[in-house]
Amino acid sequence: MIMTADQIEKIIHFLPTPRESKLLQEYMAMNPMAGLCECEKFMVAMMTVKKPALKMRALLFKLQFPERHANLSHREY
């Protein structure tokens with residue numbers, strides 16, 4: 001499945017903050033995966049990825065590059 005730039009921007013928006021990650025880790029220490037909603041399961045999955053925001057931004061750049069390059073190439077100076 002190919003993701004769109006819009007979808008990746010939304011994923012970046014919903015990445016867990018350091019505080020959310022810490023709180024979720026504390027909760028999971030007492031209740032591993034019990035009663036987690038889909039959003040929380042996404043956060044747990046993203047906590048296993050090193051530097052997820054940087055990776056998502058790199059994917060976003062890669063998807064947007066052709067369009068941005070074309071826009072720059074067609075500009076009149």
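## A walk through the helices

Start with S21, which you'll find in helix α2, residues 18-30. Keep in mind that you're looking at a predicted model. Is S21 buried or exposed? Its relative accessible area is 15%, and buried means under 20%, so S21 counts as buried. Show what is around it: setting aside neighbours within four places in sequence, S21 is in contact with P16 and M47.

Next, select M46. Again leaving out neighbours within four places in sequence, its contacts are L15, P16, P52 and M56.

Now colour the largest nonpolar core. Which residues make it up? There are seven: I8, I11, I12, L15, M46, M56 and L60. Two elements give two or more residues to this core, α1 (5-13) and α4 (52-73), and α1 has the largest share with three. Apart from this core there is another one, of five residues, including L24, M28, L36 and M43.

Move on to α4 and select P52, M56, L60 and Q64, which are buried. What do the buried residues of α4 pack against? Look across to α1 and to α3 (38-47). As a side note, residues three or four places apart in an α-helix point the same way, because there are 3.6 residues a turn.

Last stop: follow α4 from end to end.

Terms used: Residues numbered from 1 in each chain as written. Predicted model: local features only at pLDDT ≥ 70, side-chain atom pairs only at ≥ 80, totals over all residues. Heavy atoms only, no water. Core = buried A, V, L, I, M, F, W, Y, C linked by side-chain atoms within 4.5 Å. Buried < 20%, exposed > 50% of the residue type's maximum accessible area, 1.4 Å probe, protein only. Helix = DSSP H or I, 4+ residues; strand = E, 2+ residues; numbered from the N terminus. Contact = heavy atoms within 4.5 Å.
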